[in-house]
Amino acid sequence: MNRILKSRTFKTTVIAAAVVGVAGVAQARDQVRIVGSSTVYPFASYVAEEFGATTEYPTPVIESTGSGGGLRLFCNGVGDDTPDITNASRRMKPSEFERCEENGVTDITEAFVGYDGIAFAQSSENDAMPVTREQLFLALAAQVPVDGELVDNPYSQWSDIDSSLPDREIAVYGPPTTSGTRDAFEELVMEAASEDMDAYDEAYTDIRSDGAYIDAGENDNLIVQRLAENKDAFGIFGYSFLEENSDSLIGSSIDGVKPTPEAIGSGEYPVSRSLFFYVKNQHAEDVPPMYEYANMFMSEQMIGDMGYLKGIGLIPAPQDLREEARTAVESKEQLELADLK
């Protein structure tokens, strides 16, 4: 499956470079253009290829730009030079919605796809290393408390943090600041851990920049490759990539809970998040297949308990939530700023 995802990345990037439109001019076309989250990318790619194979329309163009990067492109305006749909591994922020409105993107439908967990994983050639969110925070925070004072992070080995952890260099490959995975990690790990530490006046999310945390870009497959090369390193990425590479990677339990579909879907796994895509309804007239693609994505065949996407790592939402989300897309329900607050 990994090879398939790599080939999709190459193919869609090449296609995307060849289909730049005229700025600000809406032109009728039959190919949907999609940007956004690297975590949602494998699921969107699967749907896109199925859509291209089973309908009269060409396979949609998808670029993996990260959640933040995709929403910036999506909110740039309405017209042929802007995407029709953006994927996100977190919910749209109120500030992003307001930017959309400022640029004339005033009719958006939110599609809730299902769940994913953020995996903290390493080469399966190592023994499993259970961690807590506090240990992850102390390994990756830019400043940590030492003797009651905040200092630049002095820890270079995991065993420096806790003697129960292995004597291995702290080296973590992770997503950039434009990534929804990075946003979710900061919220669910960094904020959650720092809130319980007296040394911080407020939630602290600054990641160290001294080389212990390595920005590996938006393509989670590259992190997987790095872990094959560096057996001492860890990676931060969506659970679906751990699922697809379970023969070579092993995930850590966090706060005593292993990353499993059941634990992620129930919320027991502490680093779980929701996945979305957003539809620019103002493009409907000029991009006829846009809703057909969106409805296929939201179908039981794709996101249901026995759906195809479950087989590549998506954690399905409960049936009532799936039906509610599907209805929102089918009825082109308009997202409001109040929904995001």
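Guide: Let me begin with a term: a residue is called buried under 20% relative accessible area, exposed over 50%, and partly exposed in between, using a 1.4 Å probe and protein chains only. Helices (H or I, at least four residues) and strands (E, at least two) are DSSP runs, numbered from the N terminus. This is a predicted model, in which local features need pLDDT of at least 70 and side-chain atom pairs count only at pLDDT 80 or more, while totals for chains, interfaces and linings use all residues. Residues are numbered from 1 along each chain as its sequence is written, and side-chain values use heavy atoms, with hydrogens and water left out.

Visitor: Ok, how many residues of H3 are buried?

Guide: Six of the eight residues in H3 are buried, and the helix is mostly covered. Those six are Ser-67, Gly-68, Gly-69, Gly-70, Leu-71 and Phe-74.

Visitor: And what do the buried residues of H3 pack against?

Guide: They pack against several elements, among them strand S1 (33-36), strand S3 (85-88), H4 and strand S11 (272-280), where contact means heavy atoms within 4.5 Å.

Visitor: How do H3 and H4 sit relative to each other?

Guide: The axes of helix H3 (residues 67-74) and helix H4 (residues 94-102) come within 9 Å and cross at roughly 20°. That makes H3 roughly parallel to H4, because angles under 35 degrees count as roughly parallel, over 145 as roughly antiparallel, 65 to 115 as roughly perpendicular and the rest as oblique. The axes are lines fitted to C-alpha atoms, for helices over the stretch in contact, and the angles run from 0 to 180 degrees between N-to-C directions.

Visitor: Which residues make that contact?

Guide: On the H3 side they are Gly-68, Leu-71, Arg-72 and Phe-74, and on the H4 side Glu-96, Arg-99 and Cys-100. These residues divide into three nonpolar, one polar and three charged.

Visitor: Is Glu-96 buried or exposed?

Guide: Glu-96 has 14% relative accessibility, so Glu-96 counts as buried. Leaving aside neighbours within four places in sequence, Glu-96 is in contact with Gly-68, Leu-71, Cys-75 and Arg-90.

Visitor: What about Arg-72, then: what does it touch?

Guide: Not counting residues up to four places away in sequence, Arg-72 touches Arg-99 and Thr-178. Arg-72, which lies in helix H3, counts as partly exposed because its relative accessibility is 44%.

Visitor: Switching topic, where is Arg-208?

Guide: Arg-208 is placed in the loop between helix H7 (180-194) and strand S8 (213-215), and at 6% relative accessibility Arg-208 counts as buried. Arg-208 and Gln-143 are 65 residues apart in sequence and 7.4 Å apart in space, C-alpha to C-alpha. Leaving aside neighbours within four places in sequence, the contacts of Arg-208 include Ala-139, Asn-153, Tyr-155 and Tyr-213.

Visitor: Which residues touch the most other members in the largest nonpolar core?

Guide: They are Phe-120, Trp-158 and Phe-297, in a core of 100 residues. The largest share of this core, nine residues, comes from strand S4 (residues 108-123). A nonpolar core is a set of buried Ala, Val, Leu, Ile, Met, Phe, Trp, Tyr and Cys residues joined through side-chain atoms within 4.5 Å.

Visitor: Last one: at what angle do H2 and H11 pack?

Guide: Helix H2 (residues 41-54) and helix H11 (residues 290-297) pack at an angle of about 120°, with their axes 10 Å apart. That makes H2 oblique to H11.

Key
Nonpolar A, V, L, I, M, F, W, Y, C, P; charged D, E, K, R; others polar.
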